[in-house]
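Subject: Structure for you to look at

Hello,

I am passing on the structure we spoke about. Please have a look at it first; my notes on what was found follow below.

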Amino acid sequence: MAETFDDFTVLFNYFNNAEDLKIFNSDELHALETEKKVIQIKKGENIIEEGHAANGVYLIKSGTAKLYKVGFMGKEQIIRFSKKGDLLGYRSILSGGTFGMTATAMEEMEVEFIPERFFVRMLEENSKMSFEMLKLISKQLGNAADTITILAQKTVRERLAEVLILLENSIGNDKDGYLRISLTREEMANLIGTATESAIRLISEFKNDKLIEVDGRKIKILEHAKIKKLGHIDA
């Protein structure tokens, strides 16, 4: 399960650089300042929704969102988690389609919205920005290939170990050392590709082996070295 995006904030520096903004005339600059906005998102609210028309991109300024698709039976399949610095919606803009997944806030969030036409214009006119986007897309494709390999070749126990480390690396811990975002057992099962009952059993086994500490939905990694070894994760 590959880690999420690198920091996309570098892309949005171009929208705050006077030299880069010279591609827009005064009317366009006024429209950009009017339409570009910072949005406060409450926990549980959607930032983008699968199947809806894409009208711009969203840069996460604070908070964490889960990105998921809905399967044939209406079951959510979590694709990844996005955090501060990640960009949402750009693939749909570039492909000319609707949003390919839903992003739901797992805590209060702040996102910056950039309308489609300004984002596309910057990519068309600013070669440096386009190159940064190309690098980030390439990194994501590599991460996706890693995820497929992990799901295909690792056991469920190994996948749980890897997911725990990656969650800690990507979303961080709270002041008590627990993963900052608590997940339901169904969400954990979803991430590691197994049944909820199997996820519950494995988490209990990890707890009994004193690899992790569990407090309701909250999980704290106690034995990082052992978890990494179990998940075949490079130190």
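The crossing of helices α2 and α4 is left-handed. This is a predicted model, so please read what follows with that in mind.

Helices α2 and α4

Helix α2 covers residues 26–35 and helix α4 covers residues 116–125; their axes come within 10 Å and cross at roughly 125°. An angle from 65 to 115 degrees would count as roughly perpendicular and one over 145 as roughly antiparallel; α2 and α4 are therefore oblique to each other. On the α2 side the contact involves E28, A31, L32 and E35, which meet R117, F118 and R121 of α4. Sorted by class, the residues of this contact are three nonpolar, no polar and four charged.

Helix α7 spans residues 185–192 and is mostly covered, with seven of its eight residues buried. The buried ones are R185, E187, M188, A189, N190, L191 and I192. Just after the helix, G193 takes a positive phi of about 70°.

With α6 (residues 156–171), the axis of α7 comes within 9 Å and the crossing is at roughly 110°, and the two helices are therefore roughly perpendicular to each other. V156, R159, L160, V163, L164 and L167 of α6 make this contact with M188, L191 and I192 of α7. By class it has eight nonpolar residues, no polar residues and one charged residue.

With α8, the axis of α7 comes within 8 Å and the crossing is at roughly 100°. This pair, too, is therefore roughly perpendicular. Here α7 contributes R185, E186, M188, A189 and I192, and α8 contributes T196, A199, I200 and I203. The classes in this contact are six nonpolar, one polar and two charged.

Nonpolar cores

The largest nonpolar core has 37 residues, and I47, L87 and F119 have the most contacts inside it. A second, separate core has 28 residues, including Y68, I78, M188 and F206. M188 is also one of the buried residues of α7.

Two buried residues

Which residues does T64 touch beyond its neighbours in sequence? T64 lies in the loop between β3 (56–62) and β4, and it is buried, with a relative accessible area of 0%. Leaving aside neighbours within four places in sequence, T64 is in contact with F81, S82, K83, T104, A105, M106, E107, M109, I171, R180 and I181.

F113 is in strand β8, residues 109–115. Its relative accessibility is 9%, under the 20% cut-off, so F113 counts as buried. With neighbours within four places in sequence again left aside, F113 is in contact with E35, K36, K37, I39, N55, G56, V57 and Y58. E35 is also among the α2 residues that meet α4. F113 is 87 residues from I200 in sequence, and their C-alpha atoms are 38 Å apart in space.

Exposed positions and positive phi

F72 is found in the loop between β4 (65–70) and β5 (76–82). This phenylalanine is exposed, with a relative accessible area of 91%. The C-alpha atoms of F72 and R185 are separated by 21 Å, and the two residues are 113 apart along the chain.

Most residues other than glycine have a negative phi. K210 has a positive phi near 60° and is not a glycine. K210 sits in the loop between α8 (196–208) and β9 (212–215), where it is exposed, with a relative accessible area of 59%. H232 likewise is not a glycine and has a positive phi of about 55°. H232 is found in the segment after α9 (224–230) and is exposed, with a relative accessible area of 53%.

Regards

Notes: Residues are numbered from 1 along each chain as its sequence is written. This is a predicted model: local features need pLDDT of at least 70, side-chain atom pairs count only at pLDDT 80 or more; totals for chains, interfaces and linings use all residues. Side-chain values use heavy atoms; hydrogens and water are left out. A nonpolar core is a set of buried Ala, Val, Leu, Ile, Met, Phe, Trp, Tyr and Cys residues joined through side-chain atoms within 4.5 Å. Buried means under 20% relative accessible area, exposed over 50%, partly exposed in between (1.4 Å probe, protein chains only). Axes are lines fitted to C-alpha atoms, for helices over the stretch in contact, and angles run from 0 to 180 degrees between N-to-C directions. Helices (H or I, at least four residues) and strands (E, at least two) are DSSP runs, numbered from the N terminus. Angles under 35 degrees count as roughly parallel, over 145 as roughly antiparallel, 65 to 115 as roughly perpendicular and the rest as oblique. A crossing is left-handed if the near helix is turned anticlockwise from the far one by less than a right angle, and right-handed if clockwise. Contact means heavy atoms within 4.5 Å. Ala, Val, Leu, Ile, Met, Phe, Trp, Tyr, Cys and Pro count as nonpolar, Asp, Glu, Lys and Arg as charged, and the others, Gly among them, as polar.
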